[in-house]
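Me: Could you walk me through this model? I'd like to go through it piece by piece.

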Amino acid sequence: MKQFPEGFLWGGATAANQCEGAYLADGKGLSTVDVIPAGKDRFPVMLGELKMLSCDEAHQYPSHEAIDFYHHYKEDIALFAEMGFKTFRMSISWTRIFPNGDDPTPNEAGLKFYDDVFDECLKYGIEPLVTITHFDVPIHLVETLGSWRSREMIVHYERLCEVLFERYKNKVTYWLTFNEINMLLHLPFMGAGLLFEEGDDVLSIKYQAAHHQLMASALATKIAKRINPNFKIGCMLAAGVTYANTCAPEDAFKAMTKERESYFFIDVQSRGEYPNYALKMMENEGIHVQMEPEDAQILKENTVDFISFSYYASRLTSADPKVNATTEGNVFASLKNPYLKASEWGWQIDPLGLRTTLNMLYDRYQKPLFIVENGLGAVDMPDENGYVEDDYRIDYLRAHVQAMRDAIALDGVDLMGYTPWGCIDLVSASTGEMKKRYGFIYVDKDNEGNGTLKRSKKKSFEWYKNVINSNGTTL
Ligand code: BGP
């Protein structure tokens with residue numbers, strides 16, 4: 001059976017706010033992700049229902065120190081190199097570069113930090129894969145503009161891109177414009193810095209913000225190609241096939257409309273225009289989005305080169321509101337699938353669903369795909385040396401790598417690479433805690449912020465090293 005192609009980009013993924021720590025170091029400004037507390041207020045804040053724009057240390061913010069990648073990046077990248085990483089996905093903290101988002105000049109210390117990180121990667125032949133914004137908006141722009149509600153955000157984002165592309169044009173080739181761009185529909189403060197007031201037309205605000213991000217993404221692509229025509233620009237979707245609860249046609253239709261909620265973003269970023277179903281949905285729901293006359297052409301002319309996505313679980317939906325009323329809450333609502341096991345956080349484990357997702361995306365867009373997040377969040381129990389026997393993680397990853405291999409070898413999907421999430425333990429996005437871990441590398445740090453930050457290899461470290469070494473043949 002044909003295996004993974006030569007040059008397949010094996011690696012791992014992180015995000016600035018979940019690993020760097022040093023949240024105010026060297027001139028960094030405050031960003032949305034710095035003010036989202038762990039604990040009971042986390043979901044209401046991520047949803048934009050609670051105003052939380054100050055940085056009250058009385059709240060517990062593990063992300064303020066996180067795993068202190070800011071000061072440990074050399075050690076961490078050396079471990080990635082030891083596993084044989086070909087690529088490392090990381091994100092830029094916007095407020096390290098522009099502390100307020102609208103500053104007249106960028107912050108040199110922030111730019112220098114990423115220069116150092118990229119140099120360290122390149123020293124080992126590791127290709128950086130850079131997310132320009134991963135759940136990250138300068139607080140100043142939330143306070144002054146209402147974040148992505150405002151079209152002015154596009155200008156600030158363009159300036160950020162211009163600076164990054166110029167500075168790193170010889171160090172970085174692969175860029176993602178927005179992490180999980182569809183997240184703004186589900187967790188609007190997390191995804192786009194949106195806060196809501198009584199009486200707000202929430203749906204119109206979300207789709208207006210989406211339009212601004214889609215425009216910003218297209219304009220970033222345009223700037224990128226001007227600065228370096230060899231840049232490869234990708235979009236990024238929180239993906240996961242949605243199944244119908246029964247074979248009733250109504251359930252199948254409901255599942256299709258759920259899929260489209262996510263496809264909408266990629267349809268615009270990859271095909272370059274608003275799909276008819278979205279325009280009709282907006283009309284029917286009374287959603288008003290202000291567009292400028294030039295927007296359609298900008299979207300059309302600046303589509304992405306590849307499609308990246310995260311995949312953790314599949315979803316299940318029903319047309320019957322009485323059935324869906326019992327849906328368990330999570331970032332993505334889903335019914336319980338009796339055929340699947342779930343993680344401790346209720347994320348339903350479905351490797352074949354990954355193969356289905358790969359096929360659906362490739363059928364629809366016919367562009368190279370990149371899995372930039374996947375993995376099992378679990379509670380790890382280290383021994384006194386920090387060693388974790390994480391066979392459960394190996395089992396999860398093995399089954400998903402097999403599904404990828406089938407999609408390539410049996411279905412002909414064009415897959416560029418695979419960067420499992422949280423290749424080194426880091427702060428969880430949905431819980432804000434350290435307890436939910438994904439890494440091949442254990443970091444000694446707990447929810448209360450205690451721990452030495454010492455790094456140690458889990459069992460999965462050796463396993464993944466062998467996978468990479470054998471280009472996916474030894475699983
Ligand atoms: C995605 C995010 C990541 C990441 C991951 C795992 O939605 O892009 O930032 O954290 O999910 O989620 P969690 O950390 O909540 O387990």
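Predicted model: local features only at pLDDT ≥ 70, side-chain atom pairs only at ≥ 80, totals over all residues.

Me: ok, and how do the axes of α7 and α10 cross?

Reply: The axes of α7, which spans residues 152-167, and of α10 come within 9 Å and cross at roughly 30 degrees. Angles under 35 degrees count as roughly parallel, and α7 and α10 are therefore described as roughly parallel to each other. The crossing of these two helices, α7 and α10, is right-handed.

Me: which strands does α10 lie across?

Reply: Helix α10, residues 202-227, lies across β3 (127-133), β4 (174-178) and β5 (232-239), and α10 runs at about 155 degrees to β4.

Me: and what order do the barrel strands come in?

Reply: Eight strands close into the barrel in the order β1-β2-β3-β4-β5-β7-β9-β10, and their pairing is parallel. On average, neighbouring strands of this sheet are turned by 30 degrees against each other, with direction ignored.

Me: how many bridges between β9 and β10?

Reply: Strand β9 (residues 369-373) and strand β10 (residues 415-418) pair in the parallel sense over three bridges. Within this part of the sheet, Phe370 stands opposite Gly417 in β10.

Me: switching topic, what are the angle and axis distance for α3 and α5?

Reply: Helix α3, covering residues 69-83, packs with helix α5, covering residues 108-123, at an angle of about 20 degrees, and their axes are 10 Å apart. The cut-off of 35 degrees applies again, so α3 and α5 count as roughly parallel to each other. As for handedness, α3 passes α5 in a right-handed crossing.

Me: which residues meet there?

Reply: From α3, Tyr73, Lys74 and Ile77 meet Val117, Glu120 and Cys121 in α5. The residues of this contact of α3 with α5 divide into four nonpolar, no polar and two charged.

Me: last one, which residues come nearest the ligand?

Reply: Of the 13 residues around the ligand, Glu180, Gly377, Ser428, Ala429 and Ser430 come nearest.

Me: and what's the class make-up of that shell?

Reply: The shell around the ligand has four nonpolar, six polar and three charged residues.

Definitions and conventions. Residues numbered from 1 in each chain as written. Axes fitted to C-alpha atoms, helices over the stretch in contact; angles between N-to-C directions. Helix = DSSP H or I, 4+ residues; strand = E, 2+ residues; numbered from the N terminus. Parallel < 35°, antiparallel > 145°, perpendicular 65-115°, else oblique. Left-handed = near helix turned anticlockwise from the far one by under 90°. Contact = placed C-beta atoms within 7 Å. Nonpolar A, V, L, I, M, F, W, Y, C, P; charged D, E, K, R; others polar. Pairing = 2+ DSSP bridges. Near = placed C-beta within 6 Å.
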